[in-house]
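Student: I have a structure to read and would like to go through it one feature at a time. Please show me how.

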Amino acid sequence: MYLHLQSVFIIFVVGSVWSHKNVSELKFPPWFKFGAATAAYQIEGGWNISDKSPSIWDVFTHESPGMISDGGAGDEACDSYRLWREDVKIVADLGLDFYRFSISWPRLLPSGFPDRISSAGRRYYSELIDGLLAAGVEPVVTVYHWDLPQSLQDLGGWTNPLISDWFADYARVVFSLYADRVKTWITINEPVIYCDASYTMGVAPKVQSPEIGLYLCKKHALIAHAKAWRIYDKEFKPKYHGKVSLSNLIMWFEPDDDGEEEVAELARQYGGGMYSHPIYSKEGGWPPAIEQLIAKRSLEQGYPRSRLPAFTEHEIQLTRGTYDFYGLNYYTARLTRRARSGERIGIWPFSGISELNITFTTRPEWKKAPPFWFYIYPEGLRHLMTWLRDQYGDMEFFITETGVSDYDGRLHDVDRVEYYQKHLEQVLLSIHEDHVNVTGFTAWTLMDDFEWIDGYRSKFGLYAVDFSDQQRRRTPRTSAVYYRNVVHTGSITPPKYSPYSDNGVTNKIFSCTNLYSLIITVYYVLDFQNC
Ligand code: NOJ
């Protein structure tokens with residue numbers, strides 16, 4: 001009740017700051033769900049506590065600190081292993097419908113296999129789930145978010161075809177422990193990052209194999225997802241009625257001024273299609289155009305067969321249709337054109353697709369955010385959902401991530417407010433104008449965390465985390481207040497000021513800022529007394 005009053009107070013004051021500004025006519029439907037996401041390695045810390053074994057990220061950060069922009073590691077991160085109650089508290093303070101977090105495979109199954117389930121690991125996630133439910137927040141659980149047990153990497157990791165069974169066994173353990181309380185599941189997060197980006201750049205698991213390893217990983221990830229989906233469908237769905245899918249990160253591609261639509265479409269099929277066609281299309285298997293191009297190029301390069309392993313008929317049937325919704329992560333976009341003769345093509349998935357002889361560019365008006373790959377193009381989110389629907393038919397879309405970072409970590413993060421407002425606007429347009437069935441939106445991320453090779457430099461959080469404080473104090477940013485308002489009202493209620501135009505608004509921002517600081521101070525005084 002006390003906390004509730006605090007929330008009302010903050011919303012009231014912030015609302016009064018913004019209420020006389022432009023308020024969008026469009027609203028989210030009452031059933032629409034809002035949440036925020038995190039991932040185990042990025043927040044938990046406790047990397048070697050009790051019987052947890054090392055993940056590929058523990059090994060990579062410890063052995064190759066030079067490959068992390070600030071030399072950091074997730075050893076302690078936000079210390080959510082110890083401080084998870086703080087996470088539940090801030091999730092509840094935001095009024096979120098759901099909280100998406102991931103389970104650490106090596107924490108739950110220290111050998112990587114289900115020969116032994118860690119009692120500490122099992123208890124940790126069980127308490128977190130119960131804590132969320134007690135706070136009225138739905139847990140949305142990602143089974144795998146890039147932190148493979150090193151023991152499995154030593155056996156080839158995602159390039160070993162047996163991984164699909166290892167993953168399915170792990171997923172069955174997770175479902176059997178938590179399916180009674182968790183109704184929405186993500187099997188794997190962003191295979192395009194842990195396969196394509198990892199094997200191209202040689203980041204964890206530090207294997208560089210852009211022409212072979214990348215495609216083995218892709219195929220095995222899709223089959224692993226499919227096996228896990230089928231396990232849930234057969235063994236758990238009849239009793240618990242939950243939903244399962246994967247989260248695909250897809251960049252939006254459109255032709256640059258010299259580019260052709262045909263080239264952009266090939267890039268879409270390579271980026272989004274390879275992870276969608278096998279699951280969401282009626283016929284299954286790789287997108288035909290891509291499969292043919294890779295086969296042709298492989299033969300030209302002197303390989304005896306395509307570097308892209310084919311799906312057998314059995315695997316096509318196994319994988320096809322293994323979804324309950326489309327889990328979409330969206331951050332950035334690129335313009336495409338054919339590479340000019342002799343032009344050096346940048347690396348996939350950030351700067352080009354050498355496999356297809358495609359170069360990427362960006363529009364000057366797309367604002368840059370850190371890390372290096374990030375150009376902001378909110379309309380891409382809407383285009384992407386329409387494209388996916390046109391390709392694979394009507395289905396439920398659940399936006400499982402979007403968000404933006406900065407390097408200065410300021411509390412008064414007007415750029416992040418603008419980012420969310422503009423992306424939410426695109427979601428509203430998708431719903432109201434395009435009639436796309438979008439049912440949820442997930443902010444990345446709840447709080448600042450370990451941003452992979454960008455270490456702790458990139459701050460994506462709605463909450464700032466003080467990494468020099470033992471208690472890892474979490475402090476809400478302006479974007480947290482903004483997002484809470486969206487969640488409570490279903491309206492994107494844009495602040496009138498534009499942080500990008502110098503039309504005399506800077507002073508207004510600062511006057512709001514001072515007021516905001518006062519609110520935050522009052523909030524913490526009340527909060528402190530509450531403890
Ligand atoms: C998506 C990934 O799932 C997450 O781990 C990462 O931190 C964000 N993108 C930002 O790069």
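Student: Where does E190 lie?

Tutor: Helices (H or I, at least four residues) and strands (E, at least two) are DSSP runs, numbered from the N terminus. E190 lies in the loop between β4 (184–189) and α9 (191–201). This is a predicted model, where local features need pLDDT of at least 70, side-chain atom pairs count only at pLDDT 80 or more, and totals for chains, interfaces and linings use all residues. Residues are numbered from 1 along each chain as its sequence is written, and side-chain values use heavy atoms, with hydrogens and water left out.

Student: What is the phi of E190?

Tutor: Most residues other than glycine have a negative phi, and most peptide bonds are trans. E190 is not a glycine, yet its phi is positive, about 45 degrees.

Student: Which peptide bond is cis, with omega near -5 degrees?

Tutor: That bond runs from P370 to P371, and P371 is in the loop between β10 (358–361) and α14 (379–392). The bond from W444 to T445 is also cis, with omega near 10 degrees. T445 belongs to the loop between β12 (438–444) and β13 (463–465).

Student: Which residues surround the ligand?

Tutor: A residue counts as near a molecule if one of its heavy atoms lies within 4 Å of it. Around the ligand are Q42, H145, N189, E190, Y331, W373, E401, W444, E451, W452 and F460.

Student: How far is a polar side-chain atom of E451 from an oxygen atom of the ligand?

Tutor: A polar contact is a pair of N or O atoms within 3.5 Å. For E451 the distance to a ligand oxygen is 2.5 Å; for Q42 the distance is 2.7 Å, and for W452 the distance is 2.8 Å.

Student: How many aromatic pairs are there?

Tutor: Rings of Phe, Tyr and Trp (its six-membered ring) pair if their centres lie within 6.5 Å; planes under 30 degrees apart count as stacked, over 60 as edge-to-face and the rest as tilted. The count by this rule is 55 aromatic pairs. Y270 and W348 are edge-to-face because their ring planes stand at 70 degrees, with centres 5.0 Å apart. Y270 is in helix α11 (residues 261–280) and W348 in the loop between β8 (333–338) and β9 (352–353), so the pair ties together parts 78 residues apart in sequence.

Methods
Polar contact = N/O pair within 3.5 Å; in protein donor to acceptor, adjacent residues only side chain to side chain.
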